[in-house]
Amino acid sequence: MILGGLLAALGDIREVPFHAAYIAFSLIAALAMWSLAERFSPNPLWATLLFLAVPVFVVNGNSLETDLPFLAFWMAAVALFVSGRYAAAALALMLASLTSFQAVFLTPILWLYCWLYNARRAPPGR
């Protein structure tokens, strides 16, 4: 989908514009991780740097495969959902599912997050 759109826009395979377009996905993933780390970590900078230094992210950050867009949209969906932006999270989850089928597993994960979050907020004796 993404490579096809770039190919249609550029007319031919050009390495520099393709890699430049994929930088956006690395930035989306990093910003989503920063957002989640701010919410759940006492040290968000280190959590984000650790995420960016994981070998899988470093290796896939240069490739023109669906792994990086999937990770970016997956992380964006989680960050948006946790921040209460449900429509934007649904859009990000839809884009993640267009890049990789395993995005379907995010639905039960987010359901579990809602269940655990509401269990913590429930008044005692309920």
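**A helical chain and its aromatic pairs**

Phe40, Phe81, Tyr86, Tyr113 and Tyr117 are joined into a cluster by ring pairs; rings of Phe, Tyr and Trp (its six-membered ring) pair if their centres lie within 6.5 Å, and planes under 30 degrees apart count as stacked, over 60 as edge-to-face and the rest as tilted. The model is predicted, so that local features need pLDDT of at least 70 and side-chain atom pairs count only at pLDDT 80 or more, while totals for chains, interfaces and linings use all residues. Residues are numbered from 1 along each chain as its sequence is written, and side-chain values use heavy atoms, with hydrogens and water left out.

The chain has seven helices and zero strands, in the order α-α-α-α-α-α-α from the N terminus. Helices (H or I, at least four residues) and strands (E, at least two) are DSSP runs, numbered from the N terminus. The C-alpha trace spans about 65 × 30 × 20 Å along its principal axes. Of the 126 residues, 33% count as buried, where buried means under 20% relative accessible area, exposed over 50% and partly exposed in between (1.4 Å probe, protein chains only). Among contacts (heavy atoms within 4.5 Å) with a separation of 6 or more, 53% are between residues 24 or more positions apart.

Eight aromatic pairs are found in the whole structure. Tyr22 and Phe25 make an edge-to-face pair, 5.2 Å centre to centre with 75° between the planes. Both residues lie in helix 2 (residues 15–40), three residues apart, about one turn of the helix. Tyr22 and Phe25 are both buried.

Helix 3 (residues 44–53) contains Thr48. Thr48 counts as buried because its relative accessibility is 7%. A polar atom of the Thr48 side chain lies 2.9 Å from the backbone oxygen of Pro44. Which residues is Thr48 in contact with, leaving aside its neighbours within four places in sequence? They are Ala30, Met33, Trp34 and Ala37.

Conventions. Polar contact = N/O pair within 3.5 Å; in protein donor to acceptor, adjacent residues only side chain to side chain.
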